[in-house]
Amino acid sequence: PGSRNARAPRWLSAMCMCCPRYVTAVAITIMLLCSTAEGNCTNVVVVETSSSTTHTYVPDETCYAALPEGTWTSHHRCLDVGLETITVAGPSTLSSYDEDAQELRRASILFVDWLNHEKGGLTVGDRRLGMQLAWVDDAGSKTQTANATARALRLGDDVRFGVAGYSSKLTEYAALQAQADKMVMVSAGAARPQIYEDNSYVFGFLPGTIGKKRDLYSSIVEIAEETDAKWNASSSIDERPCGSMGCRSTLRFGEIGKCPSQYQGVKQQFFGDIMCEKLPDDDASKNDTLFRDMLIRLKSNNVTLLELNSLELSEIHSITKIMEALDFNVHALICPAMVLSSDFAQMALFGWWQSSYILDSTPWYPESKRPPGEFSGMSSQEFAETYSRTWGEMPSYVAAAQFAAFCALSQAIESAASLHGEDVATQLRNISLSEFYADISFGPKGSSVAMHSVIVQLLEASGNMIKQQAVFP
């Protein structure tokens with residue numbers, strides 16, 4: 001169920017989330033949803049125009065957040081646990097296929113089945129509680145996300161905590177609604193720090209994008225310095241991999257993407273002046289002739305560190321072929337969010353040898369050597385194998401972050417010995433939890449702080465085997 005290769009429509013296969021290892025029930029309903037909440041509620045209403053997106057807070061005595069008729073909802077319930085249960089609910093893109101949203105749901109289901117059937121549920125004071133899940137379709141829309149969140153968090157008295165969906169642009173409004181409802185929410189699909197700084201009940205489990213960039217660039221600088229130190233001590237000038245000037249002193253940053261360069265200040269902090277070749281807004285204008293002209297200019301300006309942004313994988317493939325034809329050799333080629341993707345792996349298996357020279361950064365990868373988690377007891381390899389066995393594919397860092405988010409939420413519930421939102425939020429703000437994904441701790445607000453990215457590279461692609469490796473640290 002849920003296989004990417006199934007013949008059912010991809011959006012439908014995303015809904016078929018039964019875990020075959022346990023007796024479970026997954027209910028998928030198309031209906032006009034009714035809230036069970038009563039009293040004075042506040043709804044976040046989002047209005048999107050061609051030029052801006054705004055939101056307002058609207059008092060609602062009925063606690064009814066309007067959604068289109070026929071809105072999807074999905075439940076994951078376990079029938080054989082024998083425990084009183086609580087529900088964690090939130091928005092997710094259900095009515096259309098979204099690979100990342102599906103991966104978040106799959107990791108949630110994996111955690112809940114593990115918690116209920118292997119760990120025996122949560123210990124909350126003198127009670128043992130099981131956990132189940134519910135999602136309401138956000139339709140991938142800013143204007144529907146807040147109402148979908150409100151509806152999910154008010155589905156019943158057993159809904160005690162929230163879980164966000166995928167992307168910062170949607171989670172921004174889900175977080176506002178969770179904060180308005182004073183409902184603790186965990187989020188493993190949004191990296192924008194401002195979301196968590198503005199909403200003290202919402203906790204993020206991805207490193208902020210700027211922090212991730214700093215980790216990437218500082219690691220490249222350290223790699224260059226370590227390479228220089230190694231070769232300076234043991235070789236003649238002619239044998240040095242970056243020439244007589246060394247690797248660090250010859251790092252010149254260039255980029256193909258949107259200009260001015262995104263995170264330009266961070267890049268200048270590490271590399272000084274940067275050169276950016278601006279991509280046209282019109283996708284039809286992107287072609288090999290354009291890429292060739294850009295690469296000739298970058299090469300003539302002695303660029304030795306090249307980052308490719310806002311490009312499709314097929315375009316990156318073409319650029320590497322053109323670089324080969326131009327004899328344009330760089331110290332490192334950076335392609336964000338590519339190396340660990342399944343499409344990247346497939347192209348590598350079909351003979352794209354340049355793929356092994358591309359660097360990426362990630363908070364987590366399946367071969368991570370971190371110790372087993374304090375709450376889960378799992379290593380990264382054990383988590384990856386369990387996920388792969390259940391869903392038929394390897395997890396990305398998004399799935400690992402979601403599983404870890406549920407571990408932290410569960411640890412906070414048990415430490416608080418309470419289901420009260422403020423009690424659990426206090427425990428999360430003060431948590432110090434080592435998991436296979438990362439060391440998890442937070443500042444006064446919810447944004448995760450105790451995590452750093454690693455630099456990964458494709459090590460081997462042959463036959464049907466893909467092997468990635470962290471190259472630094």
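A disulfide is taken here as a pair of cysteine sulfur atoms within 2.5 Å.

**Figure 1. Disulfides of the predicted model.** The structure shown is a predicted model. A search of the whole structure finds three disulfides. When the bonded cysteines are numbered in sequence order, the pairing reads 1-2, 3-4, 5-6.

**Figure 2. Close-up of the disulfide between cysteine 41 and cysteine 63.** The two sulfur atoms lie 1.8 Å apart. This link is right-handed, with 85° about the S-S bond. Distant parts of the chain are linked by the pair, 22 residues apart: cysteine 41 belongs to strand β2 (residues 41-48), whereas cysteine 63 sits in the loop between β3 (53-60) and β4 (72-78). Cysteine 41 and cysteine 63 are both buried.

**Figure 3. Close-up of the disulfide joining cysteine 242 to cysteine 247.** The S to S distance is 1.9 Å. The torsion about the S-S bond is about 85°, so the disulfide is right-handed. Both cysteine 242 and cysteine 247 are buried.

**Figure 4. Close-up of the disulfide joining cysteine 259 to cysteine 276.** The S to S distance is 2.1 Å. With -90° about the S-S bond, this link is left-handed. Cysteine 259 is located in the loop between β11 (253-257) and α7 (264-271) and cysteine 276 in strand β12 (residues 274-278), so the pair ties together parts 17 residues apart in sequence. Cysteine 276 counts as partly exposed, at 26% relative accessibility.

Note on methods:
Residues are numbered from 1 along each chain as its sequence is written. This is a predicted model: local features need pLDDT of at least 70, side-chain atom pairs count only at pLDDT 80 or more; totals for chains, interfaces and linings use all residues. Side-chain values use heavy atoms; hydrogens and water are left out. Helices (H or I, at least four residues) and strands (E, at least two) are DSSP runs, numbered from the N terminus. Buried means under 20% relative accessible area, exposed over 50%, partly exposed in between (1.4 Å probe, protein chains only).
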